[in-house]
Amino acid sequence: MAADTIAQVNKIFIDVLDNEDIVLDPTTSAKDIDEWDSLNHIQLIVAIEKHFKIRFNSSEINGWKNVGEMCAAIEKRLEQ
Amino acid sequence: MLSFNSLKKNLKKNFSGLKKIKIALLSDSASQLLNTAIKGYGHEVGVDFEIYEADYNQIDLQVFDPSSELYSFNPDFIFINSSSEWLLKNFYKTEAHAQSQFANELLQTARKYYDTIAARLQSKVIINTFPEINDSVFGNYAAKVNSSFIYQLRKANVQLMELSQQTNGLFICDLAGLQAELGRQFVFDPKMYVNADMVYALEFLPYIGKHLTDIVLSITGTFKKCLVLDLDNTMWGGIIGDDGMEGIQVGDLGVGKAFTELQQWAKQLKQRGIILAVCSKNTEDIAKEPFLSHPDMVLKMDHIAVFVANWETKVDNLRYIQSVLNIGFDSMVFVDDNAFEREMVKSAIPEITVPELPEDPAEYLPYLRSLNLFETASFTEEDQERTKQYQEEAQRNVLLQTFETESDFLASLDMVSDTKPFDEFSVPRVAQLTQRSNQFNLRTIRYTEEDIKRIAADPNYRTISLTLEDRFGSHGLIGIVIMKDGGNKTLFIDSWIMSCRVLKRGMEQFTLNAIMEIAAKGGFEKVTGEYLPTKKNGIVKDHYANLGFESADGKWVAHVAGYEKRATFITNKNK
């Protein structure tokens with residue numbers, strides 16, 4: 001996974017969750033970040049889609065276990 | 001449009017000092033994010049929405065249970081948000097033989113919601129039209145089948161609009177219209193619907209927040225009254241001073257069409273009651289020429305209430321237009337193609353709305369329409385007369401300068417007033433005055449048409465509506481007084497409102513005579529009044545003192561016994 005993808009995703013998390021202290025690594029999951037609840041998850045998805053100009057499908061958006069899987073899905077879409 | 005995220009960030013900002021408005025949000029689908037968008041948009045326009053959000057799909061429970069949170073919250077507004085997705089679900093659950101009655105059933109439900117709420121609360125109710133979903137069960141043939149979903153949905157939308165036309169306290173937030181503008185793809189995200197039960201895509205929510213807020217603000221008295229237009233490259237293509245009458249672009253050919261259609265729109269707004277004014281850097285005679293004699297001009301001189309073309313700054317000229325019309329800067333919209341002029345106006349007079357016009361004239365009109373600048377909460381026949389009234393006012397100003405004394409001038413006007421209690425014909429205009437008048441308004445209490453009807457029928461109240469006519473024309477209904485029996489033989493002036501168009505005519509004194517006469521007839525000994533200051537009603541700060549009332553405990557008192565009728569130049573039509 002490219003370091004660049006996770007860096008961009010990190011920026012999106014900081015912006016959407018309005019928390020400057022967030023530092024993501026591939027193992028980070030919703031348990032690790034207080035603000036990452038189901039409502040904010042929706043906003044994160046929309047922001048990521050917009051930023052990378054991609055569209056996820058409905059089965060993947062609730063299936064990621066952590067940020068690493070999320071980034072892998074982004075990169076898979078970018079390759080298509 | 002602002003992003004959802006930026007609206008969400010507004011929630012952390014300071015809301016103190018903003019206008020407070022209570023809204024109840026009843027929704028058939030998940031509404032937390034909509035709640036955020038509404039609250040966040042409110043901050044953008046200086047409103048602190050206190051929102052009660054009912055749990056998911058509780059509309060019936062909240063409306064029909066008299067002990068529900070809705071009723072204890074007692075909101076100013078109730079937004080009942082119904083989605084097309086639920087509509088479709090319910091339609092499919094309906095027995096085939098009943099599907100042709102689906103829209104009628106829906107209308108009955110909406111009516112029942114409204115009637116139930118109206119029987120218990122004074123709240124205004126806002127419902128939405130349904131964004132279209134074509135379920136493609138019948139294809140295009142659906143149009144020919146009265147039990148098809150799309151037919152029933154469209155019928156429901158029309159019937160809801162008709163219901164709102166018959167019901168003063170019911171308003172429509174036109175989500176169907178928004179979807180037509182923005183597209184289904186933008187409004188609805190299937191993935192979010194399936195995963196999170198979101199019936200609106202995230203970035204559509206700010207639009208709902210804006211339109212809901214537009215409606216609420218127009219009902220509470222904040223809306224645009226005047227459209228000020230630049231000329232060269234805004235009303236026509238080219239520069240009249242350089243290109244001449246033959247050279248400017250307006251009419252059916254080429255880019256001229258963009259300007260013609262913009263003019264047609266402005267003319268429609270004028271018919272609705274928006275005052276049109278011109279503010280142009282030009283030589284006056286040259287600027288007026290197209291209005292007088294260009295065959296393709298839609299706008300003519302008599303559509304324009306104030307025409308200012310000179311070489312002063314636009315800022316000075318806009319101040320002049322504002323002072324002639326006597327309206328707030330915040331009720332004015334200024335349209336100019338020149339970015340430099342726009343910036344200058346915005347920084348000098350931040351209250352004026354100055355749209356960032358696109359560069360391409362073909363985009364002007366679609367862009368201006370998309371801003372929904374001219375939301376209104378009422379429409380009366382008088383609205384259509386407004387431009388004429390402002391033009392007549394300009395003629396009076398010219399006449400005034402030819403008289404030695406003000407009395408001579410007033411006497412020459414042959415003023416007549418139709419003075420009587422509120423009646424069924426005056427109710428809409430009376431309500432409108434309470435909603436729209438900010439300056440000559442002693443207590444700034446807003447009333448709806450239904451409130452006014454109730455007051456007119458209540459024996460504890462006395463009411464006066466006043467018109468004014470003079471030899472130049474009619475001002476229409478320009479003054480109202482609502483008085484309440486305050487006990488102890490005291491008549492309390494609950495509302496005293498006058499249009500600023502008729503200041504300095506002796507109308508205040510004439511109205512006072514009418515008040516005192518009613519008080520005397522009703523056996524009252526005292527009339528009391530009160531001034532509640534707002535940002536805008538400074539002109540009536542000394543109103544009661546000027547009329548000879550005595551100050552007492554923060555209120556003002558006049559005694560009926562020994563009242564000397566004030567001299568005026570106004571004749572009462574009913575005597």
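This is a predicted model: local features need pLDDT of at least 70, side-chain atom pairs count only at pLDDT 80 or more; totals for chains, interfaces and linings use all residues.
Let's start with the strands. Chain B has an open sheet of 4 strands, arranged in the order E8-E7-E6-E9, with parallel pairing. Strand E8 (304-310) and strand E9 (332-335) of chain B are found at the edges; each has a single partner strand, so one side of each has no neighbour in the sheet. On average, neighbouring strands here are turned by 15 degrees against each other, direction ignored.

To see one pairing in detail, look at strand E6 (residues 226-229) of chain B, which runs parallel to E9(B) and is joined to it by 4 bridges. A handy place to look is Leu227(B), which stands opposite Val333(B) in E9(B).

A helix joins the picture too: H14 (residues 284-293) of chain B packs on the sheet, where it touches strand E7 (275-281) and E8 of chain B. The direction of H14 makes about 140 degrees with that of E8(B).

**The domains**

| Domain of chain B | Residues |
|---|---|
| domain 1 | 4-219 |
| domain 2 | 226-370 |
| domain 3 | 403-572 |

How do domain 1 and domain 3 of chain B meet? Their centres, taken over C-alpha atoms, are 40 Å apart. In the interface, 6 residues of domain 1 are in contact with 7 residues of domain 3. About 460 Å² is buried between these two domains of chain B, and carbon and sulfur atoms give 33% of that area. Between them there are 0 salt bridges, while 2 residue pairs are in polar contact across the interface.

How values were computed. Residues are numbered from 1 along each chain as its sequence is written. Chains are lettered from A and ligands numbered from 1 in the order in which they are written. Side-chain values use heavy atoms; hydrogens and water are left out. Two strands pair if DSSP finds at least two bridges between them. Helices (H or I, at least four residues) and strands (E, at least two) are DSSP runs, numbered from the N terminus. Axes are lines fitted to C-alpha atoms, for helices over the stretch in contact, and angles run from 0 to 180 degrees between N-to-C directions. Contact means heavy atoms within 4.5 Å. Domain bounds come from an automatic or database domain assignment. Buried area is the accessible area (1.4 Å probe) that two parts lose on being put together, summed over both. A salt bridge is a side-chain nitrogen of Lys or Arg within 4 Å of a carboxyl oxygen of Asp or Glu. A polar contact is a pair of N or O atoms within 3.5 Å; within protein, one must be able to donate a hydrogen and the other to accept it, and residues adjacent in sequence count only if both atoms are side-chain atoms.
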